[in-house]
Amino acid sequence: MEERYLTVTALTKYIKYKFDHDNNLKVVLLEGEISNFKHNSRGHFYFTLKDENASISAIMFSSNASNVKFEPADGMKVYVKGSLSVYEASGSYQIYVTEMKSDGIGDLYLAYERLKKELERKGLFDINHKKPIPKFPKTVGVITSPTGAAVRDIIKTIERRYPLCNVILYPAIVQGDAAKDDVVKQINKANKDKLCDVLIIGRGGGSIEDLWCFNEEIVAYAIYNSKIPTISAVGHEIDFTIADFVADMRAVTPTGGAEIATPDINVLKQNVSYYVDAMTKKINYMINDYKIKLVNIDKRLDTLNPKQTLIHKKEILDFKYQRLNQKIIEVINNKNHIFELYKSRLEASNPLAIMDKGYSINRLNGHIIKDIKDAKIGDLLTTELKNGILTSKIVEVKENGK
């Protein structure tokens, strides 16, 4: 018997034919979680519908998508109605959805996204509004259920990390219809009491319904208006609530909230030890530095000691005094020598000394006669001798050689 080979196209067309003519596949009701959701510009929905073990591609054309009263999103659980067929180009089968409904969780998710966008637009998530968490709180306020595991974990963690800190529990209902009002009441009470340095607001993990009070608008505004810094510690790491975005700090768990609110005493001890060692080294360095400076100052003081200076100045003064005396003696001796020289010269030219040898000075009318022509017969002459003056009358005038 001759074997007959089919083309891929022929096989795909055959499979598509089977899908299209199977009455069980013409109307199919499915429930599942949306992932990889895309809403294209033409209005079509493209997404994957999945559960824990399998997934199927889905498409909802704009004519049907326009009738959906909510915006589908990843993670949303939905109920769909449609028919199955094969997309020949890829050889994959997919469901062509004609109707889509969300379950209760999907509605909550939509409400969550809607409120999140609104509060973000109003500035409740603004980083500039967030207050710093104090590093060393004296008192931590805890707003949570008084009977849950969360409060035990928070108190135990604070006692272990920072036993100096006091804990005030503000018990609140954290699940159910009354939870939002009770949480708001305790936030306001803590602010009115003014006893706490920081507030931890939260609870342990749970479903989106269990955590819903932390997605309520009045809770968001209570956290936003709190004068006390707030830490949102709701659920587990994968859980995000509106409270997380509004609070001054988000913790992934209640235990994480206690860790954010308090320092670790062991780390503080290590830091103190480090700073003590550093300060000791610094002080020792400063002491040694000042010792060196003190020695240098002591040496300078020895040099600048007034007594030493006075002694030194006295030695200089004595030396200068001796030099001055020597100089004075030299000047006096020199002056005496000059005096004696001038004295000898004066004595040599002293007319009185000449007179001792018999010479005299003749004056006529008070003037010394140096030439015979200055006198005439009859003039009165005064003659100065060594021991007196003579007055005589000229009776004869006679020139030398005549």
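Which residue in β13 is the bridge partner of R363? I looked it up and found T382 as the partner of R363 in β13.

Before going further I note that this is a predicted model, in which local features need pLDDT of at least 70 and side-chain atom pairs count only at pLDDT 80 or more, while totals for chains, interfaces and linings use all residues. Residues are numbered from 1 along each chain as its sequence is written, and side-chain values use heavy atoms, with hydrogens and water left out.

Entry: I took strands (E, at least two residues) and helices (H or I, at least four) as DSSP runs numbered from the N terminus, and I counted two strands as paired if DSSP finds at least two bridges between them. The pair that I began with belongs to strands β11 (residues 361–364) and β13 (residues 380–385), which are antiparallel and share three bridges. I then traced the open sheet of four strands, whose order is β12-β11-β13-β14 with antiparallel pairing. β12 (367–368) and β14 (388–393) stand at the edges with a single partner strand each, so one side of each has no neighbour in the sheet.

**Entry: the barrel.** Next I followed a closed barrel of five strands, which runs β1-β2-β3-β5-β4 with mixed pairing. Its twist averages 50° from one strand to the next; such angles run from 0 to 180 degrees between N-to-C directions, with axes fitted as lines to C-alpha atoms, for helices over the stretch in contact.

I went through its pairs in turn. Strand β2 (residues 45–50) and strand β3 (residues 55–60) are antiparallel over six bridges, with L49 opposite I56 in β3, and a hairpin of four residues joins β2 to β3. β3 and β5 pair in the parallel sense over three bridges, and here I59 has Y96 in β5 as its bridge partner. Strand β4 (residues 77–87) pairs with strand β5 (residues 92–102) in the antiparallel sense over 10 bridges, and V78 stands opposite S102 in β5. Four residues lie between β4 and β5 in their hairpin, and G91 in that turn has a positive phi of about 75°. Strand β1 (residues 28–39) runs antiparallel to β4, joined to it by six bridges, and L29 has K81 in β4 as its bridge partner.

**Entry: helices.** I found helix α1 (residues 8–20) lying across β4 and β5, at about 135° to β4. Helices α6 (residues 179–193) and α7 (residues 217–224) pack at an angle of about 10° with axes 9 Å apart, and they are therefore roughly parallel to each other, a class that takes angles under 35 degrees. In their contact (heavy atoms within 4.5 Å), K180, D181, V183, V184 and I187 of α6 meet I218, V219, A222 and I223 of α7.

**Entry: a pocket.** Last, I looked up the second largest pocket, which holds about 190 Å³ of space. A pocket here is an open set of points on a 1 Å grid over the protein atoms alone where a 1.4 Å probe fits, with protein on both sides within 12 Å along at least five of seven lines, and lining residues have an atom within 4 Å of a point. I listed its lining as E71, P72, A73, Y109, L110, E113, R114 and K117.

Terms used: Points joined across faces, edges and corners; volume = space filled by probe spheres on them. Parallel < 35°, antiparallel > 145°, perpendicular 65-115°, else oblique.
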